[in-house]
Amino acid sequence: QVQLVESGGGLVQAGGSLRLSCAASGSIFSINAMGWYRQAPGKQRELVATITSGKSTNYADSVKGRFTISRDNAKNTVYLQMNSLKPEDTAVYYCNAEGVVTAYLQGDYWGQGTQVTVSS
């Protein structure tokens, strides 16, 4: 069974920083892409950033230059460094792992979500 466990959310003032972590556990052979999505109240879930196993990255325009995604393939862990946070970054942030290959199956997985709140 594959599980994604997120950590690092919290409350921060505008202009501050937070670092999110997401560790995938289970009998994992490989993970194609990992990423972060967010969902604010009353809004649809949206992509924040993704990173492939080859370390290619993709960012939403709204976070470019402020957020940095990184990944430790050996630890099956993805990070999101968030700087210059704005109140509009407030949301539940979800970790995603795409193309997870285990001894038994292949699939995509989501974490449980971690709350990020930015006060003005």
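**Pocket, disulfide and strands**

Modeller: The lining of the largest pocket comprises two nonpolar, four polar and seven charged residues. Here Ala, Val, Leu, Ile, Met, Phe, Trp, Tyr, Cys and Pro count as nonpolar, Asp, Glu, Lys and Arg as charged, and the others, Gly among them, as polar. The model is predicted: local features need pLDDT of at least 70, side-chain atom pairs count only at pLDDT 80 or more, and totals for chains, interfaces and linings use all residues. Residues are numbered from 1 along each chain as its sequence is written, and side-chain values use heavy atoms, with hydrogens and water left out.

Biologist: Which residues lie nearest the centre of the largest pocket?

Modeller: Arg 38, Ala 40, Lys 43, Glu 46 and Glu 88 lie nearest the centre, out of 13 lining residues. A pocket is an open set of points on a 1 Å grid over the protein atoms alone, where a 1.4 Å probe fits, with protein on both sides within 12 Å along at least five of seven lines; lining residues have an atom within 4 Å of a point.

Biologist: And how much space lies in the largest pocket?

Modeller: About 210 Å³. The volume is the space filled by probe spheres set on the grid points, which are joined across faces, edges and corners.

Biologist: Changing topic, which residues does the disulfide join?

Modeller: Cys 22 and Cys 95 are joined, with an S to S distance of 2.0 Å. The count comes to one disulfide, defined as a pair of cysteine sulfur atoms within 2.5 Å. The link is left-handed, with -80 degrees about the S-S bond.

Biologist: Which parts does the pair tie together?

Modeller: Cys 22 belongs to strand β3 (residues 18–25) and Cys 95 to strand β9 (residues 91–102), so the pair ties together parts that are 73 residues apart in sequence. Strands are DSSP runs of E, at least two residues long, numbered from the N terminus.

Biologist: Is Cys 22 buried or exposed?

Modeller: Cys 22 is buried, at 0% relative accessibility, and Cys 95 is buried with a relative accessible area of 0%. Buried means under 20% relative accessible area, exposed over 50%, and partly exposed in between (1.4 Å probe, protein chains only).

Biologist: In what order do the four strands of the open sheet come?

Modeller: The order is β1-β3-β8-β7, with antiparallel pairing. Two strands pair if DSSP finds at least two bridges between them. β1 (3–7) and β7 (67–72) stand at the edges with a single partner strand each, so one side of each has no neighbour in the sheet. Within the sheet, β3 and β8 (residues 77–82) are joined by six bridges, and Ser 21 is opposite Tyr 79 in β8.

Biologist: What about β4 and β5?

Modeller: Strand β4 (residues 28–39) runs antiparallel to β5, with six bridges; Gly 35 faces Thr 50 in β5. Their hairpin has six residues between the strands, and Gly 42 takes a positive phi near 75 degrees there. Thr 50 also has Asn 58 in β6 as a bridge partner, and three bridges join β5 to β6.

Biologist: Which non-glycine residue has a positive phi of about 75 degrees?

Modeller: Lys 55 does. Lys 55 is in the loop between β5 (46–52) and β6 (57–59), a hairpin with four residues between the strands, and is partly exposed at 43% relative accessible area.

Biologist: Where is Ser 84 placed?

Modeller: Ser 84 is in the loop between β8 and β9. Although not a glycine, Ser 84 has a positive phi of about 50 degrees, and at 42% relative accessibility Ser 84 is partly exposed.
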